[in-house]
Amino acid sequence: MIIIVAGEGGHLTQAKRLLMSLELDEDVLHITDNCHAVLNNVTDSVIIEPLRGKYGVNVLSSFTSIFSNFITIYSVFKKNLVSRVVSTGPGISISVAIIAKLFKTEVIHIETWSRFKSKSITGRVMYFLADIFIVQHKSLIALYPKAKYGGLL
Amino acid sequence: MKVLVTVGTTPFKSLVERVSEISIAMAGSVDFIFQTAEKENNDKSHYSFIDNIAKLYKSVDLVITHGGAGSIYSLLEMRAKIIVVPNMERNDKHQIEMADFVATNNYGAVAYSINDITSSFILKSLNTEFNEFKKKSFFMRDVIFGKEKKKILKISALSGVNVGDVAISHCIERIFANQGVVSLDLRLRKKQVFNSVSSSKENYFLNLIKSNHYLYNFLLKINYKLSTKREMSKIEPEYDSLLIGGGNLLFNKNGIDFLDACYFAAKIFSKKSKKFAVLSVGVGPFSCPHKKQLEFLVSKSSFFSVRDENSKKLIVSILGTKYNNKIVILPDPVILYSMLYKDDTNNQNVNSNWFGVNAIDLIKSPQDLKIKQNLELLANNIFNLSKHLNIRPKLISTAYNNDPETLGKIKTFLDKLSGFQHEIIYITEDDIGKLTDKLCKCRFILSYRMHLGILANSIGIPSLTYKWQQKIEGVANQYIQKPENFLLSNPNFDVVEVSNKLKMINDSGCISDLSILDNIYDQYKNIKF
């Protein structure tokens, strides 16, 4: 089973484009923090707690949601044989990547397409967690030397 | 002229307000349509969500968009004329990077501040020709989803010296041709050279250890952990999945630790979240603990198959009926030999002038079989049979631990009886695929080795096999139409029994039904690793 982590908005659009007209033998599980975020060609989806709203961060609620997310994600990994985790850039992918590391599962991070000259917070962390770190703009190779350029989704 | 204002899912009040003001001034010459995050205005031209935004993008002359990457890339791909206004009301200010991207490449107009947007700015943008967006499309999907050619590591007993095991391996490779199957010995030992007649040296100390099964198996386990485990972990990253089989692998007896070797290899792959499948294996006998290993292999494998009913019964008796549905019976792949090697068929039965004899020394064998085997009597029977049928016997060896020695003994007896030298034919790995070369003009074969029987039957030489193990009968039932005709109950190739059965085979015609083979082949082809 492949896990694809994509939240809402641009991250979801990128996930949609990634999966478009792709035929996979494996099941695909979509992990998202938004119940309205729907990907078409996935087998199943799991909704976890968002880390922050677009208007601000509440430390206490962030902490509890991180904790409950870990439990949810852990149970996903325990139940299924996950072959790889693919993230298109949302913050929740960090929790998924940490659990994936525990299970020694391959993590692939595609840095979001809206960055050209700066690092996103998720990108900074995922650079160390991901086995393959893909950027969509060549200008980002300067910031992430080990990254691979993969073209624009 | 039509202008669309789009802000995506995050509110961008100042932009909407600003353009609303301008729209009043430009009313009549330009129509404005607003897509806003929340419904901010009850005006008909305001929408919070637009179903087919792509269609709308195409129908308008200009799009004033927030700095959201998704919107901008879609617009640029559609060659829409755009004014990018980075949303600085957001907590994160990354939309400015998107705006810079559009500005520096001159893909569209950019208003870094709300105040830059004026009616003249909009009109100027409408009349400007911008650069065409040339997209370098994403090309890493194959890397991400592992669509690159998969490599499967297949392990089975190959270092041994039994052509049967090698034949199994070759047949599996043929069945799964072009699927990236790489065959290695399950202990990663190098293949031994066939045809070398090994001399079994007696070693008192080794025999003493061997006589204690637990101690010997324990030492073998340590040996495995010290040597093979490290090597296996080293080659594991090269492969995507593991295939265990076929042949008799899930057993530990007489100091053979195949079960443990399979178990450890499966564990190494399983730890890395890679799948493993067990293919048409024989199970048992056991002289050491085995439940843990068997349970792991059955429960964690993506596909688990045994080669006959007896093997399944044995596993069920050990693990209970819990896994009854998971254990599939998949006949030995060598049964498909005639389908896999279509060129290798025997058409010269008419001019046949010899018959083959193959035997294992069961008295010396560590299998502890209570069989009244007598090599001298066996040689006598063969001599009488050859006189009766008026054709010569030739001895055939397909395994190289003790078989050449045993056949040598029989040869001595035969030479004495007949007064001339008999030939021993050595079948090796290289002969698989062109067995007819070595077995040319052979009328029939009397055999102990099961796979010699299967191979010979496959190429059209009737082969009578002595059923010294249950597996021989089990496998014969799977592919021979009248299996009782091809099985011998006398270990010394009794002349009466052999000639009776040969007569029955002659009367009954073909050996196996093609539809049975087709079924087995489909069974293999439908396996999903």
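1. Chain B has 21 helices and 18 strands, where helices (H or I, at least four residues) and strands (E, at least two) are DSSP runs that are numbered from the N terminus. This is a predicted model, in which local features need pLDDT of at least 70 and side-chain atom pairs count only at pLDDT 80 or more, while totals for chains, interfaces and linings use all residues. Residues are numbered from 1 along each chain as its sequence is written, chains are lettered from A and ligands numbered from 1 in the order in which they are written, and side-chain values use heavy atoms, with hydrogens and water left out.

2. Of the 529 residues in chain B, 53% are buried; buried means under 20% relative accessible area, exposed means over 50%, and partly exposed covers what lies in between (1.4 Å probe, protein chains only). Among the contacts in chain B with a separation of 6 or more, 73% are between residues 24 or more positions apart, a contact being a case of heavy atoms within 4.5 Å.

3. Turning to the interface, 33 residues of chain B are in contact with 34 residues of chain A. Together the two chains, B and A, bury about 3100 Å², with 58% of it on carbon and sulfur atoms; this buried area is the accessible area (1.4 Å probe) that two parts lose on being put together, summed over both. Glu97(B), Phe138(B) and Phe145(B) supply 22% of the area that chain B buries against chain A, which is more than any other three residues.

4. Across the interface of chain B and chain A there are 15 residue pairs in polar contact, both residues being at pLDDT 80 or more. A polar contact is a pair of N or O atoms within 3.5 Å; within protein, one must be able to donate a hydrogen and the other to accept it, and residues adjacent in sequence count only if both atoms are side-chain atoms. On the side of chain B that touches chain A, the elements giving two or more residues are α3 (69-77), α4 (95-105) and α6 (141-144) of chain B, and α3(B) gives the most, with 5 residues. By class, that side of chain B has 12 nonpolar, 9 polar and 12 charged residues, where Ala, Val, Leu, Ile, Met, Phe, Trp, Tyr, Cys and Pro count as nonpolar, Asp, Glu, Lys and Arg as charged, and the others, Gly among them, as polar.

5. A salt bridge is a side-chain nitrogen of Lys or Arg within 4 Å of a carboxyl oxygen of Asp or Glu, and a search of the whole structure finds 16 of them over all chains, while the count between chain B and chain A is 2. One pair is formed by the side chains of Glu77(B) and Arg17(A), with 2.7 Å from N to O.

6. Glu77(B) also forms a salt bridge with Lys135(B), the closest N and O atoms being 3.1 Å apart. This pair links distant parts of the chain, as Glu77(B) is in helix α3 of chain B and Lys135(B) is in the loop between α5 (119-126) and α6 of chain B, 58 residues apart. Glu77(B) counts as partly exposed because its relative accessibility is 35%, and Lys135(B) counts as partly exposed at 30%.

7. In another salt bridge, Glu295(B) and Lys322(B) have their closest N and O atoms 3.2 Å apart. Glu295(B) lies in helix α12 (residues 291-300) of chain B and Lys322(B) in the loop between α13 (309-319) and β12 (327-329) of chain B, so the pair ties together parts that are 27 residues apart in sequence. Glu295(B) is partly exposed, with a relative accessible area of 24%, whereas Lys322(B) counts as exposed at 60% relative accessibility.

8. Two residues call for a check of the backbone. Arg79(B), in the loop between α3 and β5 (82-85) of chain B, has a positive phi of about 60° although it is not a glycine. Lys441(B), in the loop between α17 (435-438) and β16 (442-447) of chain B, has a positive phi of about 65° and is likewise not a glycine.
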